[in-house]
Amino acid sequence: MNSSKLVIGNWKMNGSTAQVRAFADLAAQDWPGCEAALCVPHPLLPAAQAAFGATPLRWGAQDCSAEEEGAFTGEVSVRMIREFGARYVIVGHSERRAHHAETDGQIAVKAQRALAAGLTPIVCVGENAQERDGDQTGMVLRRQLLQIVRALGRDLGSIVVAYEPVWAIGSGDAASPGIIEHTHGFIADMLTFHAGTPASAVRILYGGSVNPRNAGAILSRRNVAGVLVGGASLVPADLREICKAAARCSAPTAMESDVTLQ
Ligand code: PGA
């Protein structure tokens, strides 16, 4: 596995061309040596391409269409995203699952389309509070990931998975490092078991209220290949601090095995 930690910012429906330029200015002067990308709203992709190209920052989108092209008003295809030099696209974020009723099957098709277009899909999975309280986390993650495993087969090693417990997103309360390590171990084992893909081949990020104060403790855990950051990725200094923590923690990690989760 690539032992360099990956930091992905998810701007959601925030940001402006001025904000893209502010990040680029900072990144051009002083940026830690970790892999980092900002997933911006679609209209900001040209600005991201123009501004981040000369910096260590990469860029991506937050969603793509499951269709290739045609009469799908308002949709944005992977080819369009790729045309602006994007490297990543988030698929299956819990806000899209909740507000746009996206299904595991649609998300799997999006991931396939992204890979075919040369983009790295960041596939989000995670349980909500009710599912967590009902000890259903393992079942939910298995259901969300199985479609991806079936759709991608051997290509599974080319995606990034983001474990984002819905209850932690935007709450200010991240999952504990212990829960994160345990759940990432479960996901890695599940991917190995069902896809035959070595657990170490798939990068598993954690997302949900990551900030400069908790990033180091999360990133230093086993099986945590990086973080997906929402709110804190809108503040240049905060994102830089998280990237510093990622650069400090970028060393080979041992993989967990035999983790069970109900
Ligand atoms: P948050 O969002 O860091 O603001 O909790 C994370 C996400 O939704 O990807």
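**Pockets and ligand site**

A: In this predicted model, the largest pocket has 15 lining residues, and those nearest its centre are Lys12, Met13, Gln62, Asp63 and Arg96. Its volume is about 380 Å³. Helix H4 (residues 94–99) supplies the largest share of that lining, with three residues. Sorted by class, the lining of the largest pocket comprises six polar, five nonpolar and four charged residues.

The ligand, however, is found in the second largest pocket. This pocket holds about 190 Å³ of space. Its lining consists of 16 residues, with Gly170, Ser209, Val210, Gly230 and Gly231 nearest the centre. Nine of the lining residues of the second largest pocket are polar, five are nonpolar and two are charged.

Around the ligand itself stand Asn10, Lys12, His93, Glu164, Ile169, Gly170, Gly208, Ser209, Leu228, Val229, Gly230 and Gly231. This shell divides into seven polar, three nonpolar and two charged residues. Lys12, listed in the shell, is also among the residues nearest the centre of the largest pocket. Gly170 and Ser209 are likewise part of the shell, and both lie nearest the centre of the second largest pocket.

With Gly170, a polar backbone atom is 2.7 Å from a ligand oxygen. With Ser209, a backbone N or O atom lies 2.7 Å from an oxygen of the ligand. Of the 280 Å² that the ligand exposes when taken alone, the protein buries 94%.

Methods
Residues numbered from 1 in each chain as written. Predicted model: local features only at pLDDT ≥ 70, side-chain atom pairs only at ≥ 80, totals over all residues. Heavy atoms only, no water. Near = heavy atom within 4 Å. Polar contact = N/O pair within 3.5 Å; in protein donor to acceptor, adjacent residues only side chain to side chain. Areas by Shrake-Rupley, 256 points an atom, 1.4 Å probe, with all protein chains shown as cover. 1 Å grid on protein atoms, 1.4 Å probe; cavity = no way out; pocket = protein on both sides within 12 Å on 5 of 7 lines; lining within 4 Å. Sits in = over half its atoms within 2 Å of the grid points. Nonpolar A, V, L, I, M, F, W, Y, C, P; charged D, E, K, R; others polar. Points joined across faces, edges and corners; volume = space filled by probe spheres on them. Helix = DSSP H or I, 4+ residues; strand = E, 2+ residues; numbered from the N terminus.
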